[in-house]
Amino acid sequence: MDAEVTIIGAGVIGLSVSAALSGCKGPVFVIDRNLSFGQETSSRNSEVIHSGIYYPIRSLKGKLCTEGKKKIYDYCNKNDISYRKCGKLIVASKTGDTQKLLEILKRSQRNGVTDGRIIEKDEIAEIEPYVKATTALYFPTSGIIDSHNLMKQLEADSVIGGSQMVYGAEVVGIKKIKDGYRINLIDADKQKFDFSTKMIINAAGLDAGKIAGYLGVNDPDYRVYYWKGEYFGVGNGKNKYVNSLIYPVPEPNTVGLGIHTTVDLGGGLKLGPNAIWLSDNNPDLKVDPSHSVHFYESVRNILPFIELDDLTPDQAGIRTKLQKPGDPVRDFIINEETNRNLPGFVNLLGIESPGLTACLAIADYVKDLLAL
Ligand SMILES: Cc1cc2nc3c(=O)[nH]c(=O)nc-3n(C[C@H](O)[C@H](O)[C@H](O)COP(=O)(O)OP(=O)(O)OC[C@H]3O[C@@H](n4cnc5c(N)ncnc54)[C@H](O)[C@@H]3O)c2cc1C
């Protein structure tokens, strides 16, 4: 075999797995179609280190988010990667919200999140003097991270640990062979080549469903749906009025967490993301300027200092979800496929939020699945 393990995708998940496989016996290849790491979803998100608040009990999302948060802060401390525990407030803004906050608090505690507490008007005013709210649920250890430098460090650790990064190479087919797999690629000059590998980790993000399909894994359960999340930047100096992550109380079965503030390490302030189903699975990254009105209306009750003309279109990212509109919430799929007669093939599908927070815990989980 040319490789022991091949990781398809050098987003934050593929890089975390390759870093975790450092020192693994036999060559590890990391393949990505772009010319550098993290050019897709991993560089188009809110960069929030989530606490693991909302996820169903015993879900992979809940477990890996809670474990991942601790691991990522430790990793940042060890490697001098910037982060800030800016805290998160989920703010009650209408009748019935306070009861919902209590339910979210209970769920977060069952998920092992220990820092959440209800705070009232005076304490909210100390933390966020310009936010209009009488009750909120506060998680002081939620934070934001420099995700580019996180990925850069993970890439460095991978290379030091023996992984070979292969950029500008797109996987276009995979065949099962004796004791492993043959992977077909096209490089940036449209040249075809192929190699053999004993194991494959499918961390291909938006195209993870397509990669699974190359080996005949096409179940409806594994189908990936695209949901765009748009952001609007908040200008006119209004960034100085917010320090933390401010969220509304989420509606049941929503696909996102509701339009919220995202602060960044440079002091900038954004609103978003919304959630737009891309029914044709076309990864369209345009931000529609007319959506500023909806963003403005979503936050004006709790952030009264924001005006419509403070908002300008910013970035968009695409969530890979396993649910289409109206479906119940789905968990991550992280499966080793021996049951399908595909030993050593690991699929990671629907790695939406909290994938960034959970990346290091996901990597350890995958390593355990393969007993590496
Ligand atoms: C709007 C938005 C906001 C989010 N906010 C947060 C947040 O605040 N906190 C949080 O924890 N999570 C957040 N997430 C989730 C997080 O961004 C993702 O879980 C994470 O980035 C997924 O990483 P990935 O490596 O699986 O995917 P990607 O980053 O997309 O990486 C997949 C890689 O596979 C490569 N690839 C695909 N197909 C092929 C092929 N055929 N051949 C070769 N290479 C291929 C691509 O080039 C790509 O680089 C957010 C996501 C979105 C969309």
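Analyst: Start with P354, in the loop between β20 (345-349) and α8 (355-369). Helices here are DSSP runs of H or I with at least four residues, and strands are E runs with at least two, numbered from the N terminus. This is a predicted model, where local features need pLDDT of at least 70 and side-chain atom pairs count only at pLDDT 80 or more, while totals for chains, interfaces and linings use all residues. Numbering runs from 1 along each chain as its sequence is written, and side-chain values use heavy atoms, without hydrogens or water.

The bond from S353 into P354 is cis, with omega near 15°. A cis bond also joins G272 to P273, at an omega of about -10°. P273 sits in the loop between β16 (269-272) and β17 (276-278). Most peptide bonds are trans, and most residues other than glycine have a negative phi.

R58 has a positive phi, near 65°. Its loop runs between β3 (48-49) and α2 (60-79). R58 counts as exposed because its relative accessibility is 79%. The classes are buried under 20% relative accessible area, exposed over 50% and partly exposed in between, with a 1.4 Å probe and protein chains only. D179 also has a positive phi near 65°. D179 lies in the loop between β10 (169-177) and β11 (180-187). At 55%, D179 counts as exposed too.

Now the sheet. Four strands form an open, mixed sheet in the order β6-β7-β5-β14. Two strands pair if DSSP finds at least two bridges between them. β6 (117-120) and β14 (245-248) are the edges, each pairing on one side only. Neighbouring strands are turned by 30° against each other on average, direction ignored. Inside, β5 (88-91) and β7 (135-139) run antiparallel, joined by 4 bridges. K88 has F139 of β7 as its bridge partner. Helix α3 (97-110) packs on the sheet, touching β5, β6 and β7 (heavy atoms within 4.5 Å). The direction of α3 makes about 20° with that of β7. Axes are lines fitted to C-alpha atoms, for helices over the stretch in contact, and angles run from 0 to 180 degrees between N-to-C directions.

K88 matters again for its side chain: its charged end sits over the ring of Y247, 3.7 Å from the centre. The rule asks for NZ of Lys or CZ of Arg within 6 Å of the ring centre and within 35 degrees of the ring normal. R340 sits over the ring of Y222 likewise, at 4.6 Å.
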